Amino acid sequence: MKQPNIQFLEYKAYQLRRLSLKATTAAGSGHPTSCLSAADIVAALFFYGMHWYDPCDVASLANDHFILSKGHAAPLLYAAWKEMGAISEEELMTLRKFDSVLEGHPTARFPYAQAATGSLGKDFRLVWGLL
């Protein structure tokens, strides 16, 4: 197995932190600290661990899949996809805007989200059988 380029991964983690802070600042809301604390592992997964991914065919079963269970770190997920070339920095800056697919928690509106996650990604009434 090929060894990771640590300097490259550190740079990508830095970029993910920078973009997450920039996006949450532009939005005036969000959870930047949730993004900062997970940037290293997301960088390692996106830029070293995930080997097979076709952004032109997001539904392909051959793709590696990334599911963000830490829903408050959605800006980090979006920053990773920006760094992968799937979205632009301009689109990233639409985080939490009314017409944006970049919501506060990942949802199916964002084509690269595998699942709605975090406590706000589920309807608690369904989880607890109240419906």
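A salt bridge here is a side-chain nitrogen of Lys or Arg within 4 Å of a carboxyl oxygen of Asp or Glu. This is a predicted model, where local features need pLDDT of at least 70, side-chain atom pairs count only at pLDDT 80 or more, and totals for chains, interfaces and linings use all residues. Residues are numbered from 1 along each chain as its sequence is written, and side-chain values use heavy atoms, with hydrogens and water left out.

The structure holds 5 salt bridges. Here are some of them.

**Stop one.** Select glutamate 103 and arginine 109. Their side chains form a salt bridge, 3.2 Å from N to O. Glutamate 103 is partly exposed at 25% relative accessible area. Arginine 109 is partly exposed too, at 44%. Buried means under 20% relative accessible area, exposed over 50%, and partly exposed in between (1.4 Å probe, protein chains only).

**Stop two.** Select glutamate 89 and lysine 22. The closest N and O atoms of this salt bridge are 2.6 Å apart. Glutamate 89 sits in helix 4 (residues 89-92) and lysine 22 in helix 1 (residues 6-27), so the pair ties together parts 67 residues apart in sequence. Helices are DSSP runs (H or I, at least four residues), numbered from the N terminus. Glutamate 89 is partly exposed at 23%. Lysine 22 is partly exposed at 39%.

**Stop three.** Select lysine 82 and glutamate 83. Their salt bridge spans 3.3 Å, N to O. Is glutamate 83 buried or exposed? Glutamate 83 counts as buried, at 15% relative accessibility. Salt bridges link Lys12, Lys82 and Glu83 in a network.

Key. Helices (H or I, at least four residues) and strands (E, at least two) are DSSP runs, numbered from the N terminus.
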